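Please work through each task with the structure at hand before reading its solution.

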Amino acid sequence: MSTKKRAPKSGSISAQDWIDASRAVLIKRGISAVKVEPLAKQLGVTPGSFYWHFKNRDALYRALLKDWLATNVRPFFEALDDAADEPRAQYLALAYVWVLDPQFDAPLDVAIREWGKTSKLAARTMRFVDHKRISLYQWVFEGFGHDGLSALVRARTMYFHQIGYYAMRVQEDPERRLLQIPHYAEIIAGDTWLRDLKSAEDIKSALVNYPRRETLADRIARGRVSGRR
């Protein structure tokens with residue numbers, strides 16, 4: 001008798017479908033509710049489908065953490081890679097991810113932090129991410145001219161504020177939140193440049209259109225590539 005694993009039927013769900021369903025349950029009910037049989041029932045498949053994609057539930061948990069890293073961590077680094085090489089653009093890029101980036105899922109961040117209370121793996125991953133994010137912010141604030149300690153305190157202030165905002169599930173009108181951003185920037189970054197923006201629409205535009213790095217395509221369009229006009 002063959003012991004080869006039989007491939008799933010055409011049209012069956014993918015590993016990402018399991019991850020997406022698990023993420024929704026994690027956010028709504030916590031990690032203790034992320035179980036194979038209820039997820040299979042929700043997805044309309046047998047539990048056997050799960051084992052085609054994952055060795056066990058721990059493998060699903062690891063996949064959930066990798067999914068969180070892609071969804072809620074990578075965007076900060078990508079935004080700073082994309083931002084122009086000056087601190088105001090970098091600050092706007094960070095604020096854009098926190099406030100407007102559709103990829104960033106604030107309730108997922110809260111759920112992962114709650115999960116870390118009962119899981120060493122989740123807690124260790126969360127601590128690593130906290131350190132990376134804060135170091136990233138500190139680097140930006142050093143660009144504003146603050147010394148290392150001042151930049152670190154400002155980075156922690158920005159980070160702890162955002163974490164607390166989501167952990168407390170603050171319900172706030174989006175326009176009001178946007179209007180507060182210049183004041184936060186003045187307090188945290190020590191720079192008043194955003195106070196010149198008076199409307200929520202102008203502030204939103206500044207975040208969405210934060211200055212980007214010049215790409216090779218930009219340089220070609222400007223005729224700035226060496227040896228060409």
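**Exercise 1: Helices α5 and α9**

Task. Determine the handedness of the crossing of α5 and α9, and classify their relative orientation.

Solution. The crossing of α5 and α9 is right-handed. The model is a predicted one. Helix α5 covers residues 87–99 and helix α9 residues 174–189; they pack at an angle of about 135°, their axes being 12 Å apart. Angles over 145 degrees would count as roughly antiparallel and 65 to 115 as roughly perpendicular; α5 and α9 are therefore oblique to each other. On the α5 side, the contact involves Tyr91, Trp98 and Val99, which meet Arg177, Leu178, Ile181, Tyr184, Ala185 and Ala189 of α9. By class, this contact has eight nonpolar, no polar and one charged residues.

**Exercise 2: Helices α7 and α8**

Task. Describe the packing of α7 and α8 by angle and by distance between axes.

Solution. The angle between α7 and α8 is about 125°, and their axes lie 8 Å apart. That angle makes α7 oblique to α8. Their crossing is right-handed. Among the residues in contact are Tyr137 and Phe141 of α7, and Leu152 and Ile163 of α8. The contact of α7 with α8 comprises eleven nonpolar, two polar and five charged residues.

Definitions and conventions:
Residues numbered from 1 in each chain as written. Predicted model: local features only at pLDDT ≥ 70, side-chain atom pairs only at ≥ 80, totals over all residues. Heavy atoms only, no water. Axes fitted to C-alpha atoms, helices over the stretch in contact; angles between N-to-C directions. Helix = DSSP H or I, 4+ residues; strand = E, 2+ residues; numbered from the N terminus. Parallel < 35°, antiparallel > 145°, perpendicular 65-115°, else oblique. Left-handed = near helix turned anticlockwise from the far one by under 90°. Contact = heavy atoms within 4.5 Å. Nonpolar A, V, L, I, M, F, W, Y, C, P; charged D, E, K, R; others polar.
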